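Dear colleague,

Please read the notes with the structure open beside them.

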Amino acid sequence: GPIDKCADAFIAWIGTLKYFLSPISLVEDPGSYKIKGAEIRELIDGKLEPGDILLRGYDGYLDGIMMGLTGGGKGLGKYFSHAAMYLGELNDKDDKKIAARRLQTQEDSGAWVKASDSAKDEIRNDPKYYQPGRQMVVHSMTRGVFVEDILTFTRCDYLIVLRLHDQFQLEPKEREKDRSLIKDLPADAEAIHARLMRGERVTRTDVIDIARLSALGKIGSCYDFQFNDIKTSNRFSCSEFVYYCFKSIHSYLGLMPVKHAFLNVFFKRNTITPADIYDAAKREKKLEIAWQSGSLPKE
């Protein structure tokens with residue numbers, strides 16, 4: 001009868017409501033992540049390779065909207081608000097001792113110094129920053145640089161995977177000006193950079209091995225809330241961190257800091273955003289699209 005129909009409709013409506021405590025509110029049909037299980041299974045069962053750059057985005061998050069208002073983001077780039085690097089398997093035997101080895105801490109004077117051994121061990125033994133696993137991602141968020149399982153990372157609405165070509169080299173014109181942003185490179189990264197500047201071929205495997213060490217070494221580093229620490233590499237926003245990890249091939253990527261400002265007026269910064277990474281990949285063709293979620297439109 002009518003009463004039962006109304007009761008059924010009311011119960012169905014109740015099932016569309018979600019409550020939040022901060023602030024206290026009810027939202028009707030907040031939806032779920034647009035990337036579904038079948039896509040995630042396809043991704044993790046064979047599409048991912050260590051060293052892949054992951055760009056993700058969400059619908060309805062204020063930080064993503066504000067990032068879009070800082071400029072940049074052409075085409076698919078406008079969908080991405082976060083960047084990370086896929087590491088693959090991490091184990092305690094070899095990887096744990098590398099974690100946080102290049103960690104720096106800030107003194108009261110503002111100077112950055114090498115972290116103490118005890119501070120490094122504290123990070124290595126804290127599962128919020130380091131933990132072993134079969135398919136792990138490393139990235140920088142408000143807690144700093146940390147690793148987490150790919151299944152956790154893929155809880156999002158939009159996702160794309162960017163990958164270096166198997167082999168690459170600089171064209172003669174590209175070698176006329178060194179576009180490396182970080183000049184004081186460790187020996188292993190400098191060796192790759194020098195080979196590129198001589199016009200030699202470099203393999204993706206060579207670069208990824210170094211990028212992986214760079215990523216693990218900075219676990220525990222602070223988040224760069226000001227988005228202005230891209231040259232010193234003491235603290236990192238998400239895209240600054242990815243850029244740091246690939247410091248051996250800055251001269252190849254064609255990705256440089258861009259001036260961003262909220263509404264093109266406020267908080268001006270020369271930095272790199274996830275949208276910038278995608279735009280450079282599309283423009284320079286130095287990175288290929290290895291996979292993208294069905295929620296993203298085709299370009």
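In what order do the 6 strands of the open sheet lie? The order is 8-7-4-3-9-16, and the pairing is antiparallel. Please bear in mind that this is a predicted model, in which local features need pLDDT of at least 70 and side-chain atom pairs count only at pLDDT 80 or more, while totals for chains, interfaces and linings use all residues. Residues are numbered from 1 along each chain as its sequence is written, and side-chain values use heavy atoms, with hydrogens and water left out. Helices (H or I, at least four residues) and strands (E, at least two) are DSSP runs numbered from the N terminus, and two strands are taken to pair if DSSP finds at least two bridges between them.

Strand 8 (144–149) and strand 16 (287–292) stand at the edges of the sheet with a single partner strand each, so one side of each is left without a neighbour there. On average, neighbouring strands of this sheet are turned by 30° against each other, direction ignored; axes here are lines fitted to C-alpha atoms, for helices over the stretch in contact, and angles run from 0 to 180 degrees between N-to-C directions. Within the sheet, strand 4 (residues 82–90) pairs with strand 7 (residues 133–141) in the antiparallel sense over 4 bridges, and Met 85 stands opposite Val 138 in strand 7. Helix 2 (residues 37–47) packs on the sheet, where it touches strand 7, strand 9 (158–164) and strand 16, and its direction makes about 135° with that of strand 16; contact means heavy atoms within 4.5 Å.

Turning to the helices, the axes of helix 7 (residues 204–217) and helix 8 (residues 238–245) come within 8 Å and cross at roughly 135°. In helix 7, Ala 211, Ser 214 and Ala 215 meet Phe 241, Tyr 244 and Cys 245 of helix 8.

The largest cavity holds about 90 Å³ of space, and helix 10 gives the largest share of its lining, 3 residues.

With best regards

Methods. On a 1 Å grid over the protein atoms alone, a cavity is a set of points where a 1.4 Å probe fits but cannot get out, and a pocket is an open set with protein on both sides within 12 Å along at least five of seven lines; lining residues have an atom within 4 Å of a point. Grid points are joined across faces, edges and corners, and a volume is the space filled by probe spheres set on the points.
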